[in-house]
Amino acid sequence: MMESHKEIETDVLIIGSEAAGARAAIELSDKNLNVLMVTKSVMAKSAVTVKAVFSVSGAFGFADPRDNPEVHFQDTVEAGRYLNNQKLAEIVTSEGPKRLDELGKWGVKWDKAPDGRYLQVKMYGHTYARSLSVGFRVGLEWMRILKKEVAKRPRITVKNDVFVTNYLKSKRGEVSGAFAIDIRTGDLWVIKAKAVLDTTGGGMYLYRTNSGTPESTGDGYAMGYRAGAELTDMEFVQFYPIQMYYPPTLKEDQGTPAFVRTFLRGKLYNFYGERFMRRYDAEHMELADRDVLARAIFMEIKQGRGTPHGGVWLDASYLPDKIIESVIDKMAPNWTLRGINLPKYGIDLRKDPLEVGPVAHFFCGGIRVDERWETGIPGYFVAGEVVGGANGANRLPGNALEETQVSAVIAANSAAEYAQKILHTQIDREQIDVEKARVLRVFENPPGGARPGALIRELRHIMWDNVGILRTGKELEEAIDKIGHMRTEAFPRVVIPLQSRVFNRDWIESLELSNMLDVAEMITRAASLRTESRGCHYRHDFPKPSREWLKNIYIRKEDAKMILKPEPVVVTKIPLPLEEA
Amino acid sequence: MEMLAVKVKRYIPEKSDFEVQTFQVPYEKDMSLLMVLEHLYEEKGVHFRHSCDVGLCAICIMKVNGKNCLACKEIIHGADEIMVVEPVETSQPIRDLVVTLEKNRDR
């Protein structure tokens, strides 16, 4: 007997509930559409938005009147090493300020300068000071306000703990809904929708060490790929150079190491006490570019000169106590940095070095869209980090949050226009039984296989070791084999110990693993094809950028095979360089 | 190896009731409660929520020795520490330490 399911109907289904999802829901509701917004975790209490502590770009020109969206656009393309889709980058940088003002009107308490206008700070890679923040909790503040705005709108229904597994299409090929699991009950859902808007974010969790959250499994990339969408720039995974590796209660904190490196001029040492930056960038040392730092630290660790918890030391204890104390008094009263009381966690900057290392931070690539954030598949729209293009080969700090708001509003308007034209939509029922069989298959597997969590750990190590900060053709080929092997051998035999479907983490992880395998293969194949170094993609065997590679790699599924195709960059105003430095 | 004793109040949805179980976890210096729970998930299938792991999202809220706290920021100073972990009581239990985290309205 076939499994039963619940049928739910809405105008627009939004997958993901954070910066992009919540903003899109508001826009759609204001266009008089009914919205069902689902998240596989809990709204405003999970995922990466709330983890954003500092900086949103907005070229208001308050701090420096020479600044404007045009300069911001140029900075963005420069940072993206000319691979940005310039149409998208231009829209994000020019519409960003409007969106940030709007958040302010709803109640986001932006930090203010003495003149009452937004306080703008200069961040890495930006020509002018144009980054806004709200203390050191910009993401939390955004979600506090966005959640309030969502709650005011009765057309929006939010469902937590709902995991969407695949899109469902009509016989004509439009996306007309999605298949989902209600994690709390284990019930299967068929959600019928006139349009679907995906805001599931990035895939940082594919990497052993990352600044994302366990939700960042790249579900949106994998579902889009399976539905026939194109993806772009998947090889460009941005790494952040320094984050705490130890102690566990401070792990993933970026604020303390940033403070020690910049304000206390902390020095980096490997396990042997060598100040290794001398060998990588003797001129700038610890203040070298982010990418240079990340690669240097990674190399030290990889070559066996790492600290006990797999990082390097960052130490300011060479400074006289009095100097450290005076900086702390001024910038971190009571030794409390961004809400973290260091002595509580046993850290005394006057004598203790920090154990730090690099982390996967952001996916520049994603689903290909046009300037209306349409995917080319009718009924299927995307916004936020799941989209590729605006950032090219690397992303400026603060541009990601800005992009969530701009893309959410445009994608929501495109989805609204589309949904308003649809009178009724019909899911091709055959897919439902196929998807049910796919999601339930793991319950039938015989004992003896690995648990999905164990394979996820293994995959995250493969990605970190072979498809990470420093890449070589040989290691990428090895990774393709390992990923392929996991897909054909280990994955089909995964076992889940709990037979109940009620909040069964292993079950959900088995489906996330299936998505992660697709995404891992995309990143690895694209990184292998791109025989140059550019932006955040660094090939040890091709350490220079190549003019031949002023192209984007597009990925799509064709006859069950992964096809990669380089295509010319979308250029509007900024000409591509004739020669690469 | 030093072992840490952890008492966990688990909600068993199949029985619609709680069960208190005591587990032994290998102790590591300065370990967090999150690490203990990750170990218990792997070894004993104990379910719990976590996300940001840096004390911001608050999804890992639970009751530790009678007080609500965040598992990611809870340091365990020694193997002799007494640990009683329970789900928070402000919302509906789902499985083990997982609760709905919604106060009133239907989700």
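Let me start with one pair of side chains, B:Arg49 and A:Asp161, which meet in a salt bridge at 2.7 Å, N to O, where a salt bridge is a side-chain nitrogen of Lys or Arg within 4 Å of a carboxyl oxygen of Asp or Glu. Please keep in mind that this is a predicted model, in which local features need pLDDT of at least 70, side-chain atom pairs count only at pLDDT 80 or more, and totals for chains, interfaces and linings use all residues. Residues are numbered from 1 along each chain as its sequence is written, chains are lettered from A and ligands numbered from 1 in the order in which they are written, and side-chain values use heavy atoms, with hydrogens and water left out.

Across the interface of chain B and chain A the rule finds four salt bridges. Helix 1 (33–44) and strand 6 (93–95) of chain B each supply at least two residues of the side that touches chain A, helices (H or I, at least four residues) and strands (E, at least two) being DSSP runs numbered from the N terminus. The largest share of that side, four residues, comes from helix 1 of chain B. By class, the side of chain B that touches chain A has 15 nonpolar, five polar and 14 charged residues, counting Ala, Val, Leu, Ile, Met, Phe, Trp, Tyr, Cys and Pro as nonpolar, Asp, Glu, Lys and Arg as charged, and the others, Gly among them, as polar.

As for extent, 34 residues of chain B are in contact with 42 residues of chain A, contact meaning heavy atoms within 4.5 Å. Together the two chains bury about 3100 Å², 51% of it on carbon and sulfur atoms; buried area is the accessible area (1.4 Å probe) that two parts lose on being put together, summed over both.

Two backbone details in chain A deserve a look. The peptide bond from A:Tyr246 to A:Pro247 is cis, with omega near -5°, and A:Pro247 lies in the loop between strand 10 (237–246) and helix 6 (255–262). A:Ala44, although not a glycine, has a positive phi of about 65°, and its place is in the loop between strand 2 (35–38) and strand 3 (56–57).
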